[in-house]
Amino acid sequence: MDKEGAMKAVELASAFIQLYGNSSYLTNMKINKLVYFAYAHSIQRGDKLFDDKIEAWKYGAVIPSVYHALKAHKNMGITTTDIATSEKALCTAKATWALYGYMTASDIMNFCHRDGGAWKAVYNGTDHATINDSDILASTDGKELPVKEQTSGYAMDKLIEKRMGLLRMLENA
């Protein structure tokens, strides 16, 4: 925690890895979006989780300090971290995961790119434009949740359910 009681964004990223790194495929991109949406939810409630800069990159909102801390993993799954975390970070990660954790990295990126989101309002196609608190407050980020049935993660789960049902039918035949 910093001197004012706010956590660092990498601390929250670490909490996601500690809690879900072994049970879900967490990439740098997905972790950045999870940290961003945790921040968006908090700022909409008047609570500033961290002071780290947030930018609009090609693939959505990015917290550069988190990106650089995890960039050695490239697009591979991240299962461990040596970054310390706090109870507040763990609680925040759990609450955010309940809302967005089922999404694939592509799903959460697409959600970040939707109309009404802060990324869409500030991204200019080339630079790493800053996403300010005022941009988030003026957006639907942290107010609007994804529609689970419109995600590829949901479609994959449904496909697996159908396949498992078919296997059970064959097994009982």
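User: Which residues have the most contacts inside the largest nonpolar core?

Analyst: In soluble globular proteins, nonpolar side chains tend to be buried together. In this predicted model, the largest nonpolar core has 42 residues, and Leu12 and Tyr36 have the most contacts inside it. A nonpolar core here is a set of buried Ala, Val, Leu, Ile, Met, Phe, Trp, Tyr and Cys residues joined through side-chain atoms within 4.5 Å. Buried means under 20% relative accessible area, exposed over 50%, and partly exposed in between (1.4 Å probe, protein chains only).

User: Which helix gives the most to this core?

Analyst: That is α2, with nine residues. At least two core residues come from each of α1 (9-20), α2 (28-44), α3 (64-70), α4 (87-100), α5 (105-112) and α6 (118-122). Helices (H or I, at least four residues) and strands (E, at least two) are DSSP runs, numbered from the N terminus.

A quick note on conventions: residues are numbered from 1 along each chain as its sequence is written. Local features need pLDDT of at least 70, side-chain atom pairs count only at pLDDT 80 or more, and totals for chains, interfaces and linings use all residues, while side-chain values use heavy atoms, with hydrogens and water left out.

User: How do α1 and α4 pack?

Analyst: Two packed helices are described by the angle between their axes and the distance between the axes. Here α1 and α4 pack at about 65°, with axes 8 Å apart. Axes are lines fitted to C-alpha atoms, for helices over the stretch in contact, and angles run from 0 to 180 degrees between N-to-C directions. The two helices are therefore roughly perpendicular (65 to 115 degrees). Among the residues that meet are Leu12 and Phe16 in α1 and Ala93 and Trp97 in α4; contact means heavy atoms within 4.5 Å.

User: What is the strand order in the open sheet?

Analyst: Strands of a sheet pair through backbone hydrogen bonds, either parallel or antiparallel. This open sheet of three strands runs β2-β1-β3 with antiparallel pairing, where two strands pair if DSSP finds at least two bridges between them. The edge strands, β2 (60-62) and β3 (129-130), each pair on one side only. Between β1 (residues 55-57) and β2 there are three bridges, and Ala56 stands opposite Ala61.

User: Is His113 buried or exposed?

Analyst: His113 counts as buried because its relative accessibility is 18%. His113 sits in the loop between α5 and α6 and touches residues including Tyr59 and Trp119.

How values were computed
Angles under 35 degrees count as roughly parallel, over 145 as roughly antiparallel, 65 to 115 as roughly perpendicular and the rest as oblique. Lists of a residue's contacts leave out its neighbours within four places in sequence.
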